[in-house]
Amino acid sequence: NKSIALTLAGFGAYYVAKQAFRAANGFFKYFVLPRRNLHSRYGGGFALVTGASDGIGKEYARSLAQSGFNIVLMARDKTKLDAVAKGIRDDFKVQTIVIVYDFSKLATLDSIDELQKILNK
């Protein structure tokens, strides 16, 4: 029975070591190593950020602008979008485009047509 216990302990130790390695690898990849240069990788241009009036979307838009991308901001609240766009233009000297659209309405073919018309302006 000792050999079974040692075998199971060995499998457990292997599993724990594997998970610890994956966690350490993820930590270094996302927090220690430098981020990839997205601007050179994708050639700049415009980046579309949805939900850009608050929270994660806003910060993601700012991060992309800091990398040199021009930003298309999309969300429901025009007042907030305009404020975010002004802040990004002032802080990072990039172009911004504001598109007001509610993605919760994107459920029918008519709403898809409406979004296409907005994007083609």
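Because the model is predicted, local features need pLDDT of at least 70 and side-chain atom pairs count only at pLDDT 80 or more, whereas totals for chains, interfaces and linings use all residues. Residues are numbered from 1 along each chain as its sequence is written, and side-chain values use heavy atoms, with hydrogens and water left out.

Me: Why is valine 49 called buried?
Reply: Buried means under 20% relative accessible area, exposed over 50%, and partly exposed in between, with a 1.4 Å probe and protein chains only. Valine 49 has a relative accessible area of 3%, so the residue is buried.

Me: What makes up the surroundings of valine 49 beyond its neighbours within four places in sequence?
Reply: Contact means heavy atoms within 4.5 Å. Valine 49 is in contact with Gly57, Tyr60, Ala61, Leu64, Ile71, Val72, Leu73 and Met74. Valine 49 itself belongs to strand E1 (residues 46-50); strands (E, at least two residues) and helices (H or I, at least four) are DSSP runs, numbered from the N terminus.

Me: Which residues of H3 are buried, and why are they said to line one face?
Reply: The buried residues are Gly57, Ala61, Leu64 and Ala65. Seen down the axis of H3, they fall within an arc of 100 degrees, so they line one face of the helix; the arc is that of the directions from the helix axis to the C-beta atoms. The face turned away from the buried side carries the exposed residues Ile56 and Gln66. The cover over the buried residues of H3 includes helix H2 (38-42), E1, strand E2 (70-75) and helix H4 (78-92).

Me: What does the radius of gyration of the protein show when set against the globule rule?
Reply: The radius is taken over C-alpha atoms, and the rule is 2.2 Å times the number of residues to the power 0.38. A compact globule of 121 residues would have a value near 14 Å, but the protein has 23 Å. The C-alpha trace spans about 75 × 35 × 25 Å along its principal axes. Buried residues make up 22% of the 121 residues.
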